[in-house]
Amino acid sequence: MHSPDSRRLFLQRLASLVAVPLLAPACSRSQAPEGDGRSSAASAPGSAPAASAPGSAPAAPAQGAPAAKVKLALNWVPEPEFGGFYAAREAGAFAKEGLDVEILGGGAGVPVVQMVAGGQIDFGISGADEVLTARARGADVLPLFAVFQTSPQAIMTHESRGAKGIADVLKSGTLAIEPGLPYAAYLKKKYGFDKVKVVPYDGGVARFVADKDFSQQCFITAEPIAARRKGSDPATFLVASEGFNPYVVVVITRAALWKENPERVRAFVRATREGWRAYLHDPTRANAVMAKLNTSMDAETFVAAAEAQRPLIETPEVKEKGLGAMTRERWETLAKQLVDLGVLEKVPPIDDLLVAAG
């Protein structure tokens, strides 16, 4: 998720997580990602490795062989949506695979996809729609693992309005939304915005709390939590339920790395899956680590966000196919939708896209 509009989305929705915004909308957060000063190899001693994934029997790294140093760049600051990566490091899953992983925090303006494609970093976090857009422009990137099977993007309104879905929300009142984002274009095409007053999304929940006729875009793991803590009555409706459901928090690498060292890529994916399994079982340890790196989010919000995102990650499809699973059908459907919205000119070869997935 790194188009200029989607970067603003990440910046703005994180600002609403806490009572004091992380950043005012007018502020710039364009610095390059900074490492947290720790790596998987450094944190592994003394920690118990998580259980291996069923059916996964990778060859153990050669005894005494130095761990391969790799970098993972997040597309936002440390928070629960990245919890599995920190859990993989803290539980020793990366180290067990012979990887010394440095996790780089992100922020608005950090071009993760371009950094991966250019070989500056080994792995990065993106969104499925951006992966397709980047490949259409010639970027050398491949998706490997999708954390969120259901997109957390939603429309938040007041429960007192009695809306049964997004269609009802768009019949009246005011809606704060970034109209340039693909999901917004999808909703506009499906329902029209002619009956609702559309205003810019300002990144907070103050207007929502103050105005019962006010609705806004949100991540269900963020703004609704903030609104409830301020005594409001948020009701949320997932955009995914309307038929637009891109994978979110997608691990990507460059195609060149996959060709040169496929086992390293597979090892990273195995450790990532193990880390997410550990985080979903108990997020406490990873949350504590992330809380030290992201002091703008309090412990209560870490817990609430981790719980809110669980059903979006552990879907029936995941229970059948495993954490991080991606299907050709989902990618093809998204590509066709982006073509229909004018974001892509044509559907790219999906089989080429998924050559490293699974």
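Guide: In this predicted model, among contacts between residues at least 6 apart in sequence, 80% join residues at least 24 apart. The secondary structure of the chain comes to 17 helices and 11 strands, and 57% of the 358 residues count as buried.

Visitor: Why does asparagine 287 count as buried?

Guide: Buried means under 20% relative accessible area, and asparagine 287, at 7% relative accessibility, therefore counts as buried. Its place is in helix H13, residues 284-293, and, leaving aside residues up to four places away in sequence, asparagine 287 touches Pro80, Tyr279, Phe302, Val303 and Ala306.

Visitor: What makes the pairing of asparagine 287 and tyrosine 279 a polar contact?

Guide: The term calls for a pair of N or O atoms within 3.5 Å, one able to donate a hydrogen and the other to accept it; the polar contact that joins the side chains of asparagine 287 and tyrosine 279 is 2.6 Å.

Visitor: How do you know that the buried residues of H13 line one face of the helix?

Guide: The buried residues in H13 are Ala286, Asn287, Val289 and Met290. Seen down the axis of H13, these residues fall within an arc of 160 degrees, so they line one face of the helix. The face of H13 turned away from the buried side carries Thr284 and Lys292, which are exposed.

Visitor: Why is arginine 270 also called buried?

Guide: The cut-off is under 20% relative accessible area, and arginine 270 stands at 16% relative accessibility, so arginine 270 counts as buried. This residue has its place in helix H12, residues 262-281, and a polar contact of 3.0 Å joins its side chain to that of glutamate 97. Arginine 270 and phenylalanine 145 are 125 residues apart in sequence, while their C-alpha atoms are 9.8 Å apart in space.

Visitor: What covers the buried residues of H8?

Guide: In helix H8, residues 182-191, the buried residues are Pro182, Tyr183, Ala184, Tyr186 and Leu187. Their cover includes helices H6 (128-136), H7 (166-169) and H16 (328-340), together with strands E6 (153-158) and E9 (214-219). Just after H8, glycine 192 takes a positive phi of about 80 degrees.

Note on methods: Residues numbered from 1 in each chain as written. Predicted model: local features only at pLDDT ≥ 70, side-chain atom pairs only at ≥ 80, totals over all residues. Heavy atoms only, no water. Helix = DSSP H or I, 4+ residues; strand = E, 2+ residues; numbered from the N terminus. Buried < 20%, exposed > 50% of the residue type's maximum accessible area, 1.4 Å probe, protein only. Contact = heavy atoms within 4.5 Å. Arc of directions from axis to C-beta.
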